[in-house]
Amino acid sequence: MRPEPFFSGPGLDRADQLRGTPERIAELAERDDARQLVWRDGLPEMDECGRLVWTQISDPVLFLGLNGDAPRFSPLAEAASQAFSVMPLLAQLDAADAPLFAAALSLVRWHSRHSYCANCGHQTDTVRGGWSRSCPNCGAEHFPRVDPVAIMLIEHEGRLLLGRQPHYPEHRYSALAGFIEVGESIENAVAREVKEEVGIDVGDVHYVASQPWPFPSSLMIGCHSQALNGDLTIDRNELEDARWFTRDEVRQSLSGGCSAPFQAPPPSAIARTLLEDWLNA
Ligand SMILES: [Zn+2]
């Protein structure tokens with residue numbers, strides 16, 4: 001069974017068929033059961049149970065979709081883009097609301113940064129319930145961006161390669177990752193990133209699972225690959241360290257505790273899902 005990382009569930013019914021006209025969106029916003037998302041400090045607000053907080057409609061700019069039959073909206077807001085400061089909050093977020101949290105955060109932040117046409121510089125208008133922006137001057141249509149990132153487990157003789165970046169919490173090791181560049185396949189990006197960061201060649205790259213990561217708009221594409229050799233040449237500009245870990249060390253670390261060989265990534269990170277999936281395979 002394919003593992004489902006945090007943020008990856010279906011979330012709301014996005015109801016694309018209802019986004020077509022401003023009149024249709026306005027009708028939805030006027031319904032008694034319509035609600036809009038509450039924002040606080042750059043994030044969708046959560047209650048004490050980690051569920052998202054909704055209120056009566058006052059500024060229904062973005063049509064997020066349907067919860068059952070009930071329309072759900074968001075106002076425009078100033079959205080946070082940095083994951084590290086909100087990691088403790090993510091630990092409280094209910095997994096059932098995580099996909100909507102991710103969609104709303106990425107969408108709201110995109111609007112706050114893309115008011116002007118990249119083609120001609122004119123101010124653009126929000127259309128399709130906020131799922132695109134249209135330029136009244138040159139006719140260009142702009143869609144919320146998604147930035148693909150390859151994140152990979154690398155295996156060699158039964159051990160896994162994990163690395164740590166300088167900004168990680170103490171003892172944290174995690175999967176290597178990097179943005180996929182234009183004109184590059186997922187497989188090529190995995191091979192290039194691994195070669196750049198730790199100097200080894202990989203083959204047999206295959207897809208495991210993916211995760212929207214809303215800081216600000218990444219799509220994490222989780223892969224597994226086999227290293228063709230085990231000798232590391234670490235790029236110290238990218239990584240503070242990288243090491244091979246045995247299956248027992250990974251298992252112990254996922255269980256946590258003071259004697260764990262490393263601090264595993266948190267449950268909200270797809271890296272943890274990949275490690276759990278590898279142990280269960
Ligand atoms: Zn334009």
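## The main core

In this predicted model, the largest nonpolar core has 47 residues, and Phe7, Leu90, Leu93, Phe101, Leu153 and Val250 touch the most other members. A nonpolar core here is a set of buried Ala, Val, Leu, Ile, Met, Phe, Trp, Tyr and Cys residues joined through side-chain atoms within 4.5 Å; buried means under 20% relative accessible area (1.4 Å probe, protein chains only).

H3 gives the most, with 8 residues. Helices (H or I, at least four residues) and strands (E, at least two) are DSSP runs, numbered from the N terminus.

## Leu90 and a second core

Skip the neighbours within four places in sequence, and Leu90 is in contact (heavy atoms within 4.5 Å) with Phe6, Phe7, Phe101, Trp213, Phe215 and Ser268. There's also a second, separate core of 20 residues, including Ile154, Leu176, Val190 and Val205.

Three strands form an open sheet in the order S7-S8-S9, with antiparallel pairing; two strands pair if DSSP finds at least two bridges between them. S7 (125–127) and S9 (141–142) are at the edges with a single partner strand each, so one side of each has no neighbour in the sheet. S7 is joined to S8 (residues 132–134) by 3 bridges, and Asp125 sits opposite Ser134 in S8.

## Reading the numbers

Residues are numbered from 1 along each chain as its sequence is written. Local features need pLDDT of at least 70, side-chain atom pairs count only at pLDDT 80 or more, while totals for chains, interfaces and linings use all residues, and side-chain values use heavy atoms, leaving out hydrogens and water.

How values were computed: Buried < 20%, exposed > 50% of the residue type's maximum accessible area, 1.4 Å probe, protein only.
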